[in-house]
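Colleague: Could we go through this structure together, one site at a time?

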Amino acid sequence: MLHLLLNTLFPKVCSACSKTLNTKEKVLCVSCRHQLPLASFHNTGASTMLDFFYGRIKVENATALIAFQKKGITQTILHNLKYKGQENISAFFGKWLGAELVEIPEYKDIDIVIPVPLHRKRKQKRGYNQVTGFGTEIASSLQIDYREDVLLKKTRTRSQVFKSRYKRSEQSTVFQLANISELENKHILVVDDILTTGATLENCALELLKVKGVKISFAVIAITLS
Ligand SMILES: [Zn+2]
């Protein structure tokens with residue numbers, strides 16, 4: 001009864017087109033869901049995403065669920081996830097991708113899922129890490145752990161003295177490992193919301209690859225294809 005009342009007062013709407021959802025639809029209406037430009041490299045076997053990292057770092061497998069398109073519904077959805085508090089979009093895509101990855105042999109030996117970390121202050125401001133739902137649901141499908149406490153994002157402030165007269169502070173972002181022993185010899189799936197240049201995922205992987213025996217794979221909700 002309460003559920004019905006809440007639904008009447010605050011009907012759930014599609015995260016892409018804002019149309020009221022029927023009881024069977026979750027997050028996206030059927031029409032928007034069918035319009036999504038799928039990338040699905042895990043199904044097609046395309047090396048498109050692996051090619052981003054070729055010659056930079058060793059990556060076992062890499063996949064994206066959808067292809068990001070500016071001014072399209074993918075942009076609306078990702079914007080709503082990141083800036084409009086629509087955290088449930090993250091889990092929606094995680095469930096979807098997790099259900100597919102569990103069927104694919106190349107993803108069967110993954111031991112642990114970790115997100116690209118969000119700085120503590122940014123997380124406080126947004127109220128959530130936009131990748132948490134995505135990573136949690138994938139880990140749940142693969143029946144492995146999801147961990148946010150093994151790779152952290154820190155801002156390091158350094159004071160630098162130039163020619164003894166100028167002093168300025170320089171800020172740089174660094175990724176930092178914690179609980180290293182738990183990562184040894186693990187195949188880690190690093191997840192993020194969107195891949196554009198691959199620089200962030202590369203920096204995370206570089207840090208994780210410092211741990212003995214670690215193998216890396218990537219999964220993102222969306223990839224920017226030029
Ligand atoms: Zn829609």
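Colleague: What is the geometry of the site of the zinc ion?

Modeller: This is a predicted model. The zinc ion is coordinated at 2.3 Å by the SG atoms of Cys-14, Cys-17, Cys-29 and Cys-32. Four donors count as tetrahedral if all angles lie between 85 and 135 degrees. Here the angles among the 4 donor atoms are 104 to 115°, so the site is tetrahedral.

Colleague: Is Cys-32 buried or exposed?

Modeller: Cys-32 lies in helix H2 (30-35), 15 residues from Cys-17, which is in the loop between helix H1 (2-9) and helix H2. Cys-17 is partly exposed, with a relative accessible area of 38%. Buried means under 20% relative accessible area. Because the relative accessibility of Cys-32 is 4%, Cys-32 counts as buried.

Colleague: Is Glu-207 buried or exposed?

Modeller: Glu-207 belongs to helix H9 (residues 199-208). Beyond its neighbours within four places in sequence, Glu-207 contacts Leu-151, Phe-175, Gln-176 and Leu-177. Its relative accessible area is 16%, and Glu-207 is therefore buried.

Colleague: Which residues of H6 make the contact with H5?

Modeller: The axes of helix H5 (residues 73-83) and helix H6 (residues 88-101) are 8 Å apart, at an angle of about 125°. That angle makes H5 oblique to H6. By class, their contact has 4 nonpolar, 2 polar and no charged residues. H5 contributes Ile-77, Asn-80 and Leu-81, and H6 contributes Ile-89, Ser-90 and Phe-93.

Terms used. Residues numbered from 1 in each chain as written. Predicted model: local features only at pLDDT ≥ 70, side-chain atom pairs only at ≥ 80, totals over all residues. Heavy atoms only, no water. Donors = N, O, S within 2.8 Å, 3.2 Å for Na, K, Ca; no water. Tetrahedral: all angles 85-135°; square planar, octahedral: opposite > 155°, others 65-115°. Helix = DSSP H or I, 4+ residues; strand = E, 2+ residues; numbered from the N terminus. Buried < 20%, exposed > 50% of the residue type's maximum accessible area, 1.4 Å probe, protein only. Contact = heavy atoms within 4.5 Å. Axes fitted to C-alpha atoms, helices over the stretch in contact; angles between N-to-C directions. Parallel < 35°, antiparallel > 145°, perpendicular 65-115°, else oblique. Nonpolar A, V, L, I, M, F, W, Y, C, P; charged D, E, K, R; others polar.
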